[in-house]
Amino acid sequence: MDASAIPAQPVLPFEAIPEVTLPPDYPTSLPTFWAQLATAQGPIFRRRLPPGMAQHLGTDWVIYLVGPEANRFVLHTQREAFSHDRGWTPQIGEVFDRGLLNTDDPAHAAQRRMMNPAFAIAYMHRYLPLMRQVIAEYTADWVARGTVDIYDEMRKITFGIAAEALVGIHTGERADRLRTLFYTLLYGEFSEETLDDFMATRDELRRLILTIIAERRQHPTDDILGILVQARDADGQVFTDEEIIGQVEILLVAGHETTTTLSSWVLMQLASSAEYRERIRAEIATALGHHGGALTLDAVREMATLSRCIDETGRLYSPVGLVPRGVVRAVDFAGYHIPAGTQLRLVLAGGHRLPRVFADPERFDPERFAPPRDEEKQTPYSLVTFGGGQRICIGINFAQVEVKALVALLLPQFDLIPDPQHPPIHAYFGLTAAIPNGMPMQVLPVTAEL
Ligand code: HEM
């Protein structure tokens, strides 16, 4: 039959997209809420924004897309229709300058090419020893303290590792100051009255990073800042100081909050599952045994069960719940018209709980990623904890090696016992996940086998 004889499905207008209101418990129900809605009604929704937010974003509506087909559409096939700048900058731009995350092509592509070498898996050799060192240092007093808040501890460790790997500063006054300034900007509550304090903090952070940039220009190093300082694009252009400040700030934001929640939940899962804890302890012992007892990159890469536990934790507790985009070219998706000028949110965390993609999706079941099930391989773009396509997280190798190093160093030493009176809460107050009430655990030394 002549294909042109089949009448094309009419595309429904924007006004026909199903409208949603978010439930009061949205911060804690976000992944399940979107998965259930998408299962019942399809992959596309729109929400009318409250007036303040509408003014800030310059549109009255936000469109939400959920599921692997939507992920592929936004992250891959139609990615040029969606602006990272117009999505991310309204979220983070008031605090931090522009970096890789919120820059569009072609500038982004040139920057990414310059930065890629520092994030390649082979380059992780360079960071593993410093990861080991920071982890050992921050956990040395855990047993003596008896109980620690794992969420707080993970934040300190991941920030320490990011500060060291990115800008080459470890402990001492400068690292403490960097941390204080950065946390104040990220978590501080500023109002109109305290705008001056905010600006002063922001300026001091920029001056501190500028001082470190000047040192690196004099004495290049092989941390990421050293690489940024020396990088040249195809035309021989280098990054300006201003551009480097933006890149460093964005790397610190993107690189430590996400790894903090993911590593906290991985430790929680392993504290709660004797089966996986013991399997992974055995796996760690075997892998270290193959490498003379040292936690090398090859040893880390051998830990397949641990990898699957991390993937499964990332699926259930996705550190980035939604990724924002500004629609710059009108597109049609799932039979609906999406006009240019609207804001869009791709709900990564909702797609991770779809029962048509992941069997029994609310269950922690790392074996779903093992053959023959290989659930994530059955459907392209189903597991998108780190995004996907050309703009997949540049820090994916870094984060995965870091979380594996954490578990491989902590699990053989400590028994972590969750406090049943304080179950941790997985919540999204914005685009990324948080654990608002912390994650206290009792720490006991692993008793040597007799
Ligand atoms: C568990 C840890 C992490 C998770 C779950 C995560 C997740 C993500 C996701 C979902 C994106 C895509 C955003 C989008 O499409 O708009 C992304 C991008 C990005 N991430 Fe990560 N990330 C993690 C760790 C890191 C680390 C350790 C770094 C750096 C040291 C990093 C730096 C970045 C940057 C710079 C981008 C933007 C890349 C681009 O647009 O070219 N992330 N990340």
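Mentor: Gladly. Keep in mind that the model is predicted.

Trainee: Which residues of α6 are called buried?

Mentor: The label needs 20 or more other C-beta atoms within 10 Å of the residue's own. In α6, Met124, Tyr127, Met131, Val134, Ile135 and Thr139 are buried. Seen down the helix axis, the buried residues fall within an arc of 110°, so they line one face of α6.

Trainee: Which exposed residues does the face turned away from the buried side carry?

Mentor: His125 and Ala136 are exposed there. For that label, the count must be 12 or fewer.

Trainee: How do you know what span to expect for α6?

Mentor: The expected span is 1.5 Å times one less than the number of residues. α6 covers residues 124–139, which is 16 residues, and the expected value is 22 Å. From first C-alpha to last, the helix reaches 22 Å, so we conclude that its span is close to the expected one.

Trainee: Now the strands. Why is β5 said to pair with β8?

Mentor: Pairing takes at least two bridges. β5 (residues 323–327) is joined to β8 (residues 343–346) by 4 bridges, so the two qualify as a pair, and they run antiparallel. Within this pair, Val323 stands opposite Leu346, and Gly326 has Gln343 as its bridge partner.

Trainee: What makes β3 a partner of β5 as well?

Mentor: β3 (residues 82–83) and β5 share 2 bridges, in the antiparallel sense. Phe82 has Val327 of β5 as its bridge partner.

Trainee: Why are β1 and β3 called edge strands?

Mentor: The open sheet has 5 strands in the order β1-β2-β8-β5-β3, with mixed pairing. β1 (44–48) and β3 each have a single partner strand, so one side of each is left without a neighbour in the sheet.

Trainee: What makes β5 covered on both faces?

Mentor: Val323, Arg325 and Val327 are buried on one side, and Pro324 and Gly326 are buried on the other.

How values were computed
Residues numbered from 1 in each chain as written. Predicted model: local features only at pLDDT ≥ 70, side-chain atom pairs only at ≥ 80, totals over all residues. Arc of directions from axis to C-beta.
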